[in-house]
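Dear colleague,

Please find the structure below, handed over for your records. My notes on what was found in it follow directly after.

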Amino acid sequence: MTLYYSLVFILLVFEMVLFMSLIVPMPFTWKRKLFTFLAENPLIAKLQYGMKITFIFILILFIDSVNRVYRVQVELAAASKNPNIAAPALGGTERMEVQARKFYSQRNMYLCGFTLFLSLILNRTYVMILDVLRLEEEVKRYRGDKDVGKNDAGLGKAGNIGEISSLKRELEKRDRDIEALKKQSQGLTDEYNRLGDQVSPADGTPKKDR
């Protein structure tokens, strides 16, 4: 197995462990803290971005492996249709080589395919568990539990991993911009009023230069 397919296998194992950790029964408080951490940690957001790029390369490997399987199947089919050249072409070492190529191509195709499929399952499982936590939160809030909502404000707004941290930074930046605009507007208003008081006399008519 080449290096990149070994890395794909390691990623597949990591996805399996992560999937098992998501479906393991845990208390509501632990699961709430875990998903709040996943939603607010900026390192998790960077890791998610890197994983998206990795899955693009895995998709390319999957397409390449499917192409290799197809070419081997075409080669075997073409050899079987020609009885005159089928025996020498598929006999002995040549047959073993073709079968080995077919086995490796199919192995790589299944490996990349299951890795991509499990990534979709993980994403969907994360969203479903997040929805369940939100519903449990709403039920406890309707029952009058005052502790609900204090430490999990980010859980109700989480959509993707790392989304809350980026949204918080954007909101803080916009708040600073709004405060700066308010100060500039207030300064311009005060300056306009001061100039108006200097130019206009008490009766409201402008002063004339003498």
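Asp64 counts as partly exposed because its relative accessibility is 29%; the class partly exposed lies between buried (under 20% relative accessible area) and exposed (over 50%), with a 1.4 Å probe and protein chains only. Asp64 forms a salt bridge with Arg68, and the closest N and O atoms are 2.9 Å apart. A salt bridge here is a side-chain nitrogen of Lys or Arg within 4 Å of a carboxyl oxygen of Asp or Glu. Arg68 is also partly exposed, with a relative accessible area of 41%. Both residues lie in helix α3, four residues apart, about one turn of the helix.

The model is predicted: local features need pLDDT of at least 70 and side-chain atom pairs count only at pLDDT 80 or more, while totals for chains, interfaces and linings use all residues. Residues are numbered from 1 along each chain as its sequence is written, and side-chain values use heavy atoms, with hydrogens and water left out.

The structure holds two salt bridges. Besides the pair described above, the side chains of Asp131 and Arg134 meet in a salt bridge at 3.4 Å, N to O. Asp131 and Arg134 are three residues apart in helix α5, and therefore about one helical turn separates them. Asp131 is partly exposed at a relative accessible area of 34%, and Arg134 is partly exposed at 25%. Side chains of opposite charge can pair when their charged atoms come close.

As to the overall fold, the protein has six helices and zero strands, in the order α-α-α-α-α-α along the sequence. Helices (H or I, at least four residues) and strands (E, at least two) are DSSP runs, numbered from the N terminus. Of the 210 residues, 24% count as buried. The C-alpha atoms of Ile58 and Val8 are separated by 7.4 Å, although the two residues are 50 apart along the chain.

The second largest pocket contains about 260 Å³ of space. Its lining comprises 13 residues, of which Arg68, Arg101, Tyr104, Ser105 and Asn108 are the closest to its centre. A pocket is an open set of points on a 1 Å grid over the protein atoms alone, where a 1.4 Å probe fits, with protein on both sides within 12 Å along at least five of seven lines; lining residues have an atom within 4 Å of a point. Helices α1, α3 (42-81) and α5 (93-142) each supply at least two residues of this lining, which divides into five nonpolar, three polar and five charged residues.

Finally, Leu3, Leu7, Phe9, Ile10, Val13 and Val17 make a nonpolar surface patch of about 590 Å². Patch residues have over 30% relative accessible area and no salt bridge, and nonpolar side chains are joined within 5 Å. Leu7 is placed in helix α1 (residues 3-23).

With kind regards

Definitions and conventions. Patch = residues over 30% accessible without salt bridge, like charges linked within 9 Å, V, L, I, M, F, W, Y side chains within 5 Å. Areas by Shrake-Rupley, 256 points an atom, 1.4 Å probe, with all protein chains shown as cover. Points joined across faces, edges and corners; volume = space filled by probe spheres on them. Nonpolar A, V, L, I, M, F, W, Y, C, P; charged D, E, K, R; others polar.
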